[in-house]
Amino acid sequence: MQTKIGKIYSENGFFCPLKAITEAEAKELRKDYEAAEEDLQGDLERLALLKAYPNRLLPSFDSLTRNKTLVDAAKEILGENILVWSAALFIKEAQSSQIVSWHQDLTYWRLNDIKEVTSWFAVSSAQKEAGCMKFIPGSHKNRIIPHIDTFDKNNMLSRGQEISVEVDEEQAVYAELNAGQASFHHGLLFHGSGPNTTKDRRIGSAIRYISASMKQETGDRPMVTQVSGNNDFGNFKILPPPKGRLLEEEFELCRLDNELKKKLLL
Ligand SMILES: O=C(O)CCC(=O)C(=O)O
């Protein structure tokens, strides 16, 4: 039987909001991340790794990716065996003009199938004025559409990638989230986000849940964690949770994986 989440998700290509933790707990998570930023002040290389791999460098973020509400929702979409492929942070500073152009996630990652869902978790409040995510309902029913590189400096995507068809902004649904809530979106859904006009940072962790049966088209094996099931198809390097906070051995794993991902990204 299809569940409520499954039904809405298969029709619209997204589901939101889903409360994973309380606002007070989200505040603690934010405090932990911002304390780590302080600890690494001036170390641009490690700060960039922290943003890309919060779940390897902070046990609190590893726990977030294992949150039962989030994992149960991902299971309704992907089935039992679930890996975390990434949990990178998307941070828009207060009053920043940074945006994310309309795109489909699965364009870039060289995964062999579409058994992926992103749970975008709001570490801080993400309302429309803060540049929350926006989605075009039903657009996940498209195949991958060509994207162009705009190299727009206000675009948070690495090359300012943008879908090469006209998107009707009138159809956009804004995924407003309170801190502690998450949205779920399909890897083929047209989505993006606007500028942050508020006085606070907008911090989100984009948790990419994939079915363990997926593989990289290149045969590479990026590092992942397993958050549901125990079937290892051998296509990824499954790591245990991090042993501690900001550990040098974890930075080293992140460096290696980062080099691999750079090579993978289309
Ligand atoms: O954080 C954002 O505004 C965009 C994130 C995004 O595009 C994604 O999670 O796929």
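The points that follow concern a predicted model.

1. The shell around the ligand consists of 13 residues, of which Trp 120, His 191, Ser 193, Arg 202 and Arg 208 come nearest. By class, this shell comprises five nonpolar, four polar and four charged residues.

2. Four strands each supply at least two residues of the shell: E3 (89–92), E4 (100–103), E11 (191–193) and E12 (202–211). Strand E12 gives the most, with three residues.

3. For Asp 105, a polar side-chain atom lies 3.0 Å from a ligand oxygen; for His 103, the corresponding distance is 3.2 Å. In the side chain of His 185, an N or O atom is 3.3 Å from an oxygen atom of the ligand. The protein covers 100% of the 290 Å² of accessible area that the ligand has on its own.

4. The lining of the largest pocket numbers 34 residues, and Ala 88, Phe 90, Ser 158, Arg 208 and Leu 265 lie nearest its centre. Helix H3 (44–52), strand E2 (82–86), helix H7 (248–264) and E3, E4, E11 and E12 each give two or more residues to this lining.

5. In the lining of the largest pocket, 18 residues are nonpolar, nine are polar and seven are charged. Arg 208 is listed both among the residues that come nearest the ligand and among those nearest the centre of the pocket.

Conventions:
Residues numbered from 1 in each chain as written. Predicted model: local features only at pLDDT ≥ 70, side-chain atom pairs only at ≥ 80, totals over all residues. Heavy atoms only, no water. Near = heavy atom within 4 Å. Polar contact = N/O pair within 3.5 Å; in protein donor to acceptor, adjacent residues only side chain to side chain. Areas by Shrake-Rupley, 256 points an atom, 1.4 Å probe, with all protein chains shown as cover. Nonpolar A, V, L, I, M, F, W, Y, C, P; charged D, E, K, R; others polar. 1 Å grid on protein atoms, 1.4 Å probe; cavity = no way out; pocket = protein on both sides within 12 Å on 5 of 7 lines; lining within 4 Å.
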